[in-house]
Each structure stands twice: as C-alpha cells, then as structure tokens.
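Subject: Structure handover

Hi,

Here is the structure for you to look through. My notes follow it.

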Amino acid sequence: MSTPMRTRAARVVAAAAAASLLLPAAIAVADPRQGSGSSFLAPTLAGRATLSADYLAEGPPSGAAASPANGRQGPWDGQVIPGFSAVVENNNGTYWAQPDNGFGAKGNSADFLLRNYLVRPQWDTGSTGSGEIQVLDYIEYNDRNDVLDFDIVNEDTDERLLTGADFDIESLVRANDGTLWVGDEFGPFLLHFDDDGTLLEPPYEFPGGKSPANPYLEPGETPTVASSSGFEALASSGRYLYPVVEGKLVNDSDARRRWIYQFDTRRGEYTGKRWAYQTDQEGDAVGDAFSTGSDSLLILERDNFEGDQSVTKRVYEIDLSSKDRDGYVRKELVLDALHVENPRGIDAGEGYGLGEDTFALPVQSFETVLFVDKDTLLIANDNNYPGNDARITGTPDDTEMALVDLKKTRAVDDGVTLIGHRGASGYRPEHTLAAYELAIAQCAEVIEPDVVSTKDGVLVARHENEISGTTDVANHPEFADRRTTKVIDDVEMTGWFTEDFTLAELRTLRAKERLPAVRPQNVPFDGLYLIPTLDEVLDLARHSKTCDGQPVGVAPETKHPSYFDSLGLSLEEPLVAELGRNGFDSARSGAMIQSFEVGNLKQLNRLTDVPLVQLVSNSGQPYDFTLSGDPRTYADMVTRRGLREIARYSDYVSAEKTVLIPREADGTLGEPTPVIDDAHAAGLDVVAWTFRRENQFMPVEFRSSSDPNAVGDLVGEIQVYLDAGLDAFFTDNPDLGDIALS
C-alpha cells in the first residue's frame, strides 16, 4: 500500500535550494584556453549501485504487449521497473526515482502503472557498500479527482491510476510546497501532482504544438513534435520551470536545435521565453536538465547508441544569459560519462564500460543527472527493459545509479603534441564523430579532419572526395548514376565524389571502414555514423577537454585545393570562416591548417592568424607545382634552403616519417636525417605522420610477427622518433601514442 511522499522522506531538496546549488567555479567560469600546468576537474567514480533488470515490484502483471528481447518475454508477474528517467534527492540517503511509461508506446504500456519509487542505494565505494538499490516504497500517479477530460485506461475505477498508455512521464522536479511537476512526452504536457501522486489540475499544453500521441490532436492536424521527443528534461529555478524538448521540432530546418522553454508556476502559463540549444550531432537527444543557478542549467545530451557504439553521453553546463556566435546558449563540458576514472576498481570486469581504471555509462538511455553536493554528480539510466544490453550482450541492462566526484587535479605538459589521425581511426571508421570522440578519450590533444567540399559548398570530413571506400554509397541505387571517372591531381579515379552531392544527399549515407581487411574489428561499426560536417567536428573539439583538462585542438587538412578551385568550390575561404565561427581563429586557438600544396598555404597565410602546416611526402611534389611547371620536389623542400622557404609562410613542417628517419634495405630504421634539426634551425616545429600499430606499417624490428595485420610495438617505434626531437606526431592509435609519451 503506497502512502504520501511527505510521510516517508523529508522534503528538503526544494527548487530554491536547487537553484542555489552552484557548480564549482572551475566549471562555471572555465577559461576556454587554459594554460599548461593549470588545474582541471577530473571526474572520478565514487560509488555505484544497481537494481536487477528483472526486479518486479508489487502490483498486477505488466508487459503483456512488450516486445520480447534478450531472452525475456512478458507478461511479468508484477510491475517491471524499466530504469529511472528522473531522480529527486531527499538528503537522507534516499531518492525518489521515476520510471517512464514502461515499454515505449501507448499500445504496449496499458498494464504499466505510472509510479515514483522511493529507493536507497547501498553505494559500492570499492571498500564499503553492497552496491544494491533498495526499493522502499512508491507512490502511484492517479487522477482520482477526475481532472482529465479525455479517457484513460482506468477510466471507470475509483483510483483512476494512470498508466503508460495515458502519459509518458520522463522528467521530474519537486516544488517548494512539495508538489511534483512532471514532464510528459505524449502531449507534450506539464503535469502537476500532489505529493501523494494525485493530479491537481489539467495538463499544461505545450505552446510549440502537439506530438502524434497527443489526445487533443485533431483529425488531419500535423504534429509539430516528433514521436517520443517531448519533455524528457525538466529543471526548476524558483518559480520557473524549464522544460526542454528532447528532439528537434518537426518543422525546424536545423536538425541540431533543441528548444528550452520557461514556465511560470505562479501564473500557470508559459512566459513566451525560449532558448536554443545545439546538440553535438543531429540525432542526439536532451535526456535531462538540472538547475545550478538562476540562469544556468546542466543539460544531459546523449546519442541513441549503446555499448561500444556510443559517442555522446555527456553533461554540459549552459548559461541562459549568454549566447555563442550562432545564437545558441553557450555550453561547457562538465562530464563525459563514457570516460570516468575508476581508481578504486569499482565493479571492474562486470561488463562493458566497467574497467580496472575507467568507468563508462554506455547505455542507450542515459537519462538522469543531478548534483547531490557541489562536488558530486549522480547519474542514472533508463534500461528500456528488456531491450538494452549495453553491458553484457544478450543480457538486459540493470538499472544503475552512480556517484561521480569532480575533483581538481593539475595538468602536466609533456611538450609533444599527440594528434589523432582522422580521429582514432585504428578503432573506429575514420572521419566519424565516433573516431574523433574516441581519439579525445585516448588523450589526443588535436584531432584531424581532412576537408572536402559538397556540391553546395559545405565542408565535410572525408579523407578523399572519392567516397566509395569510406561510405555505403554503392548500396544506394538512387545514386548509381553518380558513379563516374575523374582525374584528380593527375590520378584517374572511378567512383562517387563529394562535389557531386549536396550535403542533404550525403546525409543519407553512412560511413564504413576504409581498410576492412586490415582492421576487421572496425567493420561492425559500418553503417552507423553520419559523414560529419567540419562545423560538427569543430563543435565537438570546442566542447571537449583533453585528458589533461585542456582545450582540444583541430588540424584540418585541405584536400586537393587546386582541383576544388577549378570547380569553383574553393576550400580556403569557407575553412577560415568555419574556424572563425567556432572560435578557432587566432594563433593560440588550438587550430592548425595543413596542406600538401604550397600556393593555398600562402593564400591562407594572408587570410588567417591560425598556424599553418606544410605537409611533405617521401616522394613527388606539390600538385600546384606540377600545374605551374615548378620543378621542385618534396625532397627539395626539406633541404636547409627549402625549410627556410617554408618558414616564410608556415609554422610547421609535417613529414612522412621515413623523411625523418629512413629505413634501411632490410626494413629496419636507419639513422635520423638532418631534417628535424634543420627545421628547428629555420624556426619550424616538426610533425611526423603516420604511426599505425599494424605490422605492415612498421619497421621490421618493431613487428610482432610475419602477419601484416597483427599488432606490433608501436610504442617502441614512436619513442625512437621522440628521441630524435619530434614536436608532434599523427597516429591512428592515440592510446598507444599516449603510452609512448608517458
């Protein structure tokens, strides 16, 4: 028998208290370009607790119409708890934890009762605690006062208990008077309940329109809110609520825009104010919000992937009083839930993301974040029972709650820049946000997008403009007639080319592994990820931090600039504009621009203060030299005279690694050439490319076997080059590059 909330837990986390719970100053006022040796917040797992996915609370059977998955099929003899979509703290070790509508839709959730559970986590801290979530009690949401003017499942009962066919409750805040405000997705509605779960007044309708599940949707009326894209997130600050639309509005041309609205609880109406938030990727959802001040919120942003496919499970702080250059609220990274230190080894080895030294919450539905004190976040998941299996394939995910401490530590500069070559392309398909995000997690300080142009002049990240090897374009019959043969920099190529596609058309494609025979472990990621725009890559970088808490740099490379100039699709001007729009427009912004050609670097030297990088191959010459009849080769460019010439327009010389240390006839490393010393004498920093872990890319003495695709001693190879005086290096395997630097 459930009882009113006020009789079971102190009502001490009121909206006003939440509003006064400020972020640590290091987050709230972080310097976008911290210096070396500065301190930063290092998220550390402090405690974890779980509730079995198969736990059943008392009540009638549930899940008769739920989709079977992971060896489970309903109905279940009791009420399923399919994770927590919202949590409120009671300041006595207990929490109110609210599941959503049950099984994802009206049609399969009529037997799921909408509840709010009182739980007590027994935190596993690595030394104490059982790690279990105890379910102590619950309240049941109801319409016993007969407030609703549309039929509900339990229409003709006295209690009129609400079910998952009536509302999809996704978010929760508690007001000063102890009443509960709940965000719903079916309307989307704001629902106001007494502390015993009784609906107090009719649902407040969303001024931005209706979803397909809205009971007031008129015949023929077009929904403006996509299905399951309503109020997943809700925060409160004093008298105001801030519901956040989970996905883009149907009629919004900007697929990355999410709207934050303001609702006045005293007047019982929306104020007319709203703010635009930009997600990292088009498909990302806003999963939760938490007020940290009168104008600041935590925003939980997640993608729709789980396990090792996950890219975005992040918590940002936003400032409603400050906008970026594009008119979106500014956001600053607080937590990347895929990369949390776990020095105590809490639950290590019990599933994916539970490592000896690191913790991740790689669940599909990361849906809860709140501060429990000024230094500690609580995060939790909705497990979409029985469908999600992020931790152990084939086993439903448990409900998890975790405490993450945000503790300051000091950054240490090793003096060498680690660059993720096309992202962490040794582990994910290259030039995807998944590869870039993993590179950052593996301690790359700079990520490298190669840039080419679409037909409509948008810069996108691809190694080449020919995309048959890096996308699934060949599987799209609607583009079969785009296959053609072209000559690019005197090389004949047959395939599909970015300049023949608009960005909208490219968005229908998905990335795939370029070297499937070499990296078969990357093939399972084929078909998952979009081709990112340069803007998206820059956004990811400026909203991320390195392992040392520093800003992440970017090193875009202009691909085939003379060729694109011949098409009227110049790369230089839009590249400079994109860098400027994202704050990468100064010598100290963390950006550097690369090119194998010379003329466009000289042009860029006049257009921007961003450092420039002259790329040098181990053979041939810059293609613009070929066009102009200039006889100089790359070998000429790395002589003392050639390096002094490069230094007139460039800040770096980036050479194929054998230019710096050649190989002997037997395939072993020889002695370093004078290039590094001569470049330094000319005032240039020296970069080497590209270090890869597979035997076929390595000198003989660092290979592990005769298998060309087996993993060799990449750390040993890199260390030889570091000893020769490198200033930076590119690698497909940033984790191994980081070990080499340690």
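Below are the ground rules, then a sheet, a disulfide, some salt bridges and a serine contact.

This is a predicted model: local features need pLDDT of at least 70, side-chain atom pairs count only at pLDDT 80 or more, and totals for chains, interfaces and linings use all residues. Residues are numbered from 1 along each chain as its sequence is written, and side-chain values use heavy atoms, with hydrogens and water left out.

**The sheet**

Start with the open sheet. Four strands make it up, in the order β4-β5-β6-β7, with antiparallel pairing. β4 (86–89) and β7 (133–140) are the edge strands; each has a single partner, so one side of each lacks a neighbour in the sheet. From one strand to the next the twist averages 25°. On terms: helices (H or I, at least four residues) and strands (E, at least two) are DSSP runs, numbered from the N terminus. Two strands pair if DSSP finds at least two bridges between them.

Now the pairs, one by one. β4 and β5 share four bridges. Val88 has Trp96 of β5 as its bridge partner. The hairpin of these two strands has five residues between them, and Asn91 there takes a positive phi near 65°. β5 and β6 pair over three bridges. Here Ala97 stands opposite Tyr117 of β6. β6 (residues 115–121) and β7 pair over seven bridges. Pro121 is partnered by Ile133 of β7.

β5 (residues 95–98) is covered on both faces. Tyr95 and Ala97 are buried on one side, Trp96 and Gln98 on the other. Buried means under 20% relative accessible area, exposed means over 50%, and partly exposed is in between (1.4 Å probe, protein chains only).

**The disulfide**

How many disulfides does a search of the whole structure find? One. The cut-off is a pair of cysteine sulfur atoms within 2.5 Å. Cys443 and Cys547 form the bond, with sulfur atoms 2.1 Å apart. The two cysteines link distant parts of the chain, 104 residues apart. Cys443 sits in the loop between α3 (433–441) and β26 (446–447), and Cys547 in the loop between α5 (534–542) and β31 (553–554). The torsion about the S-S bond is about -95°, so the disulfide is left-handed. Cys443 counts as buried at 19% relative accessibility. Cys547 counts as partly exposed at 31%.

Cys443 follows α3 and has a positive phi, near 80°. Helix α3 itself is mostly covered: eight of its nine residues are buried. Among them are Leu433, Tyr436 and Glu437.

**Salt bridges**

The structure holds 48 salt bridges. Each needs a side-chain nitrogen of Lys or Arg within 4 Å of a carboxyl oxygen of Asp or Glu. Three are worth a note here.

- Asp535 and Arg256 meet at 3.2 Å, N to O. They link helix α5 to the loop between β13 (240–244) and β14 (257–264), 279 residues apart. Asp535 is buried at 9% relative accessibility, and Arg256 at 6%.
- Lys331 and Glu301 have their closest N and O atoms 3.2 Å apart. Lys331 lies in β19 (residues 329–336) and Glu301 in β17 (residues 296–302), so the pair ties together parts that are 30 residues apart in sequence. Lys331 is buried at 8%, and Glu301 at 0%.
- Asp405 and Lys407 have their closest N and O atoms 3.8 Å apart. Asp405 is buried at 14%, while Lys407 is partly exposed at 43%.

Shared partners also join Arg256, Asp324, Asp326, Asp535, Asp539, Arg542, Glu578 and Arg581 into one salt-bridge network. Asp539 lies in helix α5 and is buried at 1% relative accessibility. Not counting residues up to four places away in sequence, Asp539 touches Arg256, Gln278 and Asn582. Contact means heavy atoms within 4.5 Å.

**Ser322**

Ser322 is in strand β18 (residues 313–323). Leaving aside neighbours within four places in sequence, Ser322 contacts Tyr328, Val329 and Arg330. The side chains of Ser322 and Arg330 make a polar contact of 3.0 Å. That term means a pair of N or O atoms within 3.5 Å; within protein, one must be able to donate a hydrogen and the other to accept it, and residues adjacent in sequence count only if both atoms are side-chain atoms.

Best wishes

Note on methods. Axes are lines fitted to C-alpha atoms, for helices over the stretch in contact, and angles run from 0 to 180 degrees between N-to-C directions.
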